[in-house]
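Q: I would like to learn how to read the features of a structure. Please take them one by one, with the general idea before each case.

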Amino acid sequence: MKIRYAAMALLLAAAACNSGGQKNGEGPTATDEEKTLQPAKPAGTMQVVIQDRDKDTSSVTFHFTIDTMRYERTYKDLPLVKDFPDTAIYRVFWDEPNSVWIGFIKPNRDTRYYHASQEGKRLKVLWVPSPPQKIYRHMEKVMGLGDVIRQQPKLSRYEKNIQSGLILEDFIVALKPGSSKEVTNVYMKFAGVERTLEMPVPNGGKPYIQALADDEVIVGVEVNGELEEFYQVKVVNGRLGYKTLQTVIK
């Protein structure tokens, strides 16, 4: 789910507060290019092995073969979304017989892509920060990379009793009427700290909350079947914080 905007720095709301943030049932429609982009017949194989899912960063090993050539490479710094089976958090797409893309879902709902290819008599697997748009859009919109978290229930209120640091308290995030139809208030509370933020809502947009974990939610607006993420709200070591993911929803 390629983020098309610059994320702002994380703002921990605790200090400020103590001193006074895709797809619906059918999903977005793929473009003609995405529909017509067909997988190639592989000239080899790609096996993905993931380890250390319980840690902050996991280890992923790629076993790549083309004809009689074999290549193995391990990356040990891959943050992966938790609480889903391995097969749900990555996709493999062969765009050419000797070229294959592997995309993973990270905890912040962004993606990371790797590209395996043949160069003469050598094989290689590289991390690619910015894959071609037609590749990542096909993998995310047609192949469903990220659906496992995009299809989590959309709520108007989230409440969960959690322990963060030494504090056991209710973590609450709720949508409330704003000053106009174009604005929704996002209310958040944890351990006596409360904050209300404004979120723009374009005509026809539907505000929503989705839980990523017990202590973390995404707040956004569904527009024409696309989930536009606006705030990330999280409790870290007993402190309530939020991050603005974008400043405008069109």
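A: A charge sits over a ring if NZ of Lys or CZ of Arg is within 6 Å of the ring centre and within 35 degrees of the ring normal. Here K176 lies over the face of Y187, at 4.1 Å from the ring centre. For R112, the charged end sits over the ring of W127, 4.8 Å from the centre of that ring.

Q: What should I know about the model itself?
A: This is a predicted model, in which local features need pLDDT of at least 70, side-chain atom pairs count only at pLDDT 80 or more, and totals for chains, interfaces and linings use all residues. Residues are numbered from 1 along each chain as its sequence is written, and side-chain values use heavy atoms, with hydrogens and water left out.

Q: Which residues touch the most other members of the largest nonpolar core?
A: A nonpolar core is a set of buried Ala, Val, Leu, Ile, Met, Phe, Trp, Tyr and Cys residues joined through side-chain atoms within 4.5 Å. Buried means under 20% relative accessible area, exposed means over 50%, and partly exposed is in between (1.4 Å probe, protein chains only). The largest core has 35 residues, and M46, V48, I50, V60, F62, F64 and F104 touch the most other members. Two or more residues each come from β1 (44-51), β2 (58-66), β3 (69-78), β4 (90-96), β5 (99-105), β6 (111-119), β7 (122-128) and α3 (133-142). The most come from β5, which gives five residues. Another core, of 24 residues, lies apart from this one, and V173, V201, V217 and V221 are among its members.

Q: How are the helices and strands assigned?
A: They are DSSP runs, numbered from the N terminus: helices are H or I of at least four residues, and strands are E of at least two. In α3, the buried residues include I135, Y136, H138 and M139. After α3 comes G144, with a positive phi near 85°.

Q: Is S59 buried or exposed, and what does S59 touch?
A: S59 lies in strand β2. Its relative accessible area is 8%, so S59 counts as buried. Contact means heavy atoms within 4.5 Å. Leaving out residues up to four places away in sequence, S59 touches V49, I50, Q51, D52, T74, Y75 and K76.

Q: How many salt bridges does a search of the whole structure find?
A: Side chains of opposite charge can pair when their charged atoms come close. A salt bridge is a side-chain nitrogen of Lys or Arg within 4 Å of a carboxyl oxygen of Asp or Glu. The search finds eight. One joins D86 and R53 at 2.4 Å, N to O. This pair links distant parts of the chain, 33 residues apart: D86 is in the loop between β3 and β4, and R53 is in the loop between β1 and β2. D86 is partly exposed at 30% relative accessibility, whereas R53 is buried at 18%.

Q: Where are the partners of the salt bridge between R112 and D77?
A: The side chains of R112 and D77 meet at 3.8 Å, N to O. R112 is in strand β6 and D77 in strand β3, 35 residues apart. R112 is buried at 12% relative accessibility, and D77 is partly exposed at 44%.

Q: How many bridges pair β13 with β14?
A: Two strands pair if DSSP finds at least two bridges between them. Strand β13 (residues 216-223) pairs with β14 in the antiparallel sense over eight bridges. The bridge partner of I218 in β14 is Q232.
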